[in-house]
Amino acid sequence: MLKGKVIGNIVSTNKFDSLRGFKFLEINLMEGDAKTDRYIIAVDRTISAGIGEEVLIVTGSSARAAVGDMNAPIDAVVVGIIDKNQ
Amino acid sequence: MLKGKVIGNIVSTNKFDSLRGFKFLEINLMEGDAKTDRYIIAVDRTISAGIGEEVLIVTGSSARAAVGDMNAPIDAVVVGIIDKNQ
Amino acid sequence: MLKGKVIGNIVSTNKFDSLRGFKFLEINLMEGDAKTDRYIIAVDRTISAGIGEEVLIVTGSSARAAVGDMNAPIDAVVVGIIDKNQ
Amino acid sequence: MLKGKVIGNIVSTNKFDSLRGFKFLEINLMEGDAKTDRYIIAVDRTISAGIGEEVLIVTGSSARAAVGDMNAPIDAVVVGIIDKNQ
Amino acid sequence: MLKGKVIGNIVSTNKFDSLRGFKFLEINLMEGDAKTDRYIIAVDRTISAGIGEEVLIVTGSSARAAVGDMNAPIDAVVVGIIDKNQ
């Protein structure tokens, strides 16, 4: 899994119907406590992560497994918020 | 998912029959608002993204799931155009 | 597979129910004996690797195969501890 | 998909029986018109790409989908030759 | 597929039962004739590649397809030795 910080979200009006209602978060990937320039967009369906929060992301076909739908048109999903002050 | 800017398209006369009719877009990947040198080719089946537009791309086996055909011979597909002025 | 050193673990209270009870290890990837900055989070279900230990990690859909559950919401799993003094 | 230039081919006498008869092309990946140092080996089953030609490559499980055989022991396949003078 | 040079092997006493009897080779990835710092561990089940030999490696779910067992807990497998003096 990857660790990243939520830095914003993406709006797309012209998109696949199968993506309607999804929230797309912009994520800066992290290496431990260090921010990197690496950037991905991950779907947040149920976690409701806010900007600035650090999240756990599952990618690839496992993202589809994580949401329990192997037909989901996604390759990255936020599966948890990492607790602060660890 | 990845964010990228459409910079052109590829024509291939000698290709797999299963790819006939597909439009292949050249994409420069982005990290937030910054352009990178990273480059991929993604199929655009229904979005009709134009040169200069910023798009959302799904990769890997999820690209096949996104087009609803796990036998599709593709590993990257444009699934949406990112709205401007966000 | 990847080789990495365990450097910590992640706690996530707000996460997918399907991840309850999983242990998430922070891993610094290695290239032979050299530490790199590359960082991933891998699930440890049965190996009980400790901080400082070097581990073998399986990623992608193969991580789900490794735990014998293609529906597991994970994309990286610790499958072994690498013996010392090789 | 990836864009690359064919720079040679690999011969392997001691290999999996399931790979007998396959042609393995050495490919230098490209970013638009620029050559990179990134290098992969891709199977060419029906395209017959020659050295110096620019090709379209599908990777991962989608390579197996592209050849219509999800049991094919390959993770990269040449699916087309990119036309010149575009 | 990837090209790499075998530089050693890994021993793991505490590992998944499903990995018992597997040989894990340490591989330095190559770009054409050039060695890189990139490093992976690949399973060698039947090829018996020795240290210093250059090998062909299949990764991801295709590694499981290559060994004919989609439940195999592996994501990289040596599928051939590259002939010398090509």
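Asn14(B) has Ile81(D) as its bridge partner in strand S6 of chain D. That strand, residues 76-81 of chain D, pairs with S2(B) in the antiparallel sense over two bridges. Strands count as paired if DSSP finds at least two bridges between them. The strands (E, at least two residues) and helices (H or I, at least four residues) are DSSP runs numbered from the N terminus.

The model is predicted, and local features need pLDDT of at least 70, side-chain atom pairs count only at pLDDT 80 or more, and totals for chains, interfaces and linings use all residues. Residues are numbered from 1 along each chain as its sequence is written, chains are lettered from A and ligands numbered from 1 in the order in which they are written, and side-chain values use heavy atoms, with hydrogens and water left out.

**Chain B against chain D**

On the chain B side, 28 residues are in contact (heavy atoms within 4.5 Å) with 26 residues of chain D. The two chains bury about 2,000 Å² between them, and 55% of this lies on carbon and sulfur atoms. Buried area here is the accessible area (1.4 Å probe) that two parts lose on being put together, summed over both. Of the area that chain B buries against chain D, 31% comes from Phe16(B), Tyr39(B) and Asp75(B), more than from any other three residues.

Between chain B and chain D there are zero salt bridges, a salt bridge being a side-chain nitrogen of Lys or Arg within 4 Å of a carboxyl oxygen of Asp or Glu. Polar contacts, in turn, join 12 residue pairs across chain B and chain D, both residues at pLDDT 80 or more. A polar contact is a pair of N or O atoms within 3.5 Å; within protein, one must be able to donate a hydrogen and the other to accept it, and residues adjacent in sequence count only if both atoms are side-chain atoms.

The side of chain B that touches chain D draws at least two residues from each of strands S1 (2-10), S2 (14-15), S3 (23-31) and S4 (34-44) and from helix H1 (61-66). S4(B) gives the largest share, seven residues. By class, this side has 15 nonpolar, seven polar and six charged residues. Ala, Val, Leu, Ile, Met, Phe, Trp, Tyr, Cys and Pro count as nonpolar, Asp, Glu, Lys and Arg as charged, and the others, Gly among them, as polar.

**Chain A against chain B**

Here 28 residues of chain A are in contact with 26 residues of chain B. Phe16(A), Tyr39(A) and Asp75(A) supply 31% of the area that chain A buries against chain B, more than any other three residues.

Strands S1 (2-10), S2 (23-31) and S3 (34-44) and helix H1 (61-66) of chain A each supply at least two residues of the side that touches chain B. S3(A) provides the largest share of that side, seven residues. Its classes are 15 nonpolar, seven polar and six charged residues.

| Interface | Buried area | On carbon and sulfur | Polar contacts |
|---|---|---|---|
| Chain B and chain D | about 2,000 Å² | 55% | 12 residue pairs |
| Chain A and chain B | about 2,000 Å² | 54% | 12 residue pairs |

**Relation of the copies**

The copies use different surfaces, with 7% of the contact residues of chain B recurring in chain D. Superposition is by least squares on the C-alpha atoms of residues with pLDDT of at least 70 in both copies.

Chain A is superposed on chain B by a rotation of 72° with 0.0 Å of shift along its axis, at RMSD 0.0 Å. In chain A the C-alpha nearest the axis is that of Ser61(A), 5.3 Å from it.

Other chain pairs lack contact. No contact joins chain A and chain E, whose closest C-alpha atoms lie 10 Å apart. Chain B and chain E also have no contact, with their closest C-alpha atoms 10 Å apart.

**Strand pairing within chain C**

Strand S1 of chain C (residues 2-10) pairs in the antiparallel sense with strand S4 (residues 54-59) over four bridges, and Leu2(C) has Ile57(C) as its bridge partner in S4(C). S1(C) also pairs with strand S2 of chain C (residues 23-31), in the antiparallel sense over six bridges. In S2(C), Phe24(C) is the bridge partner of Ile10(C).
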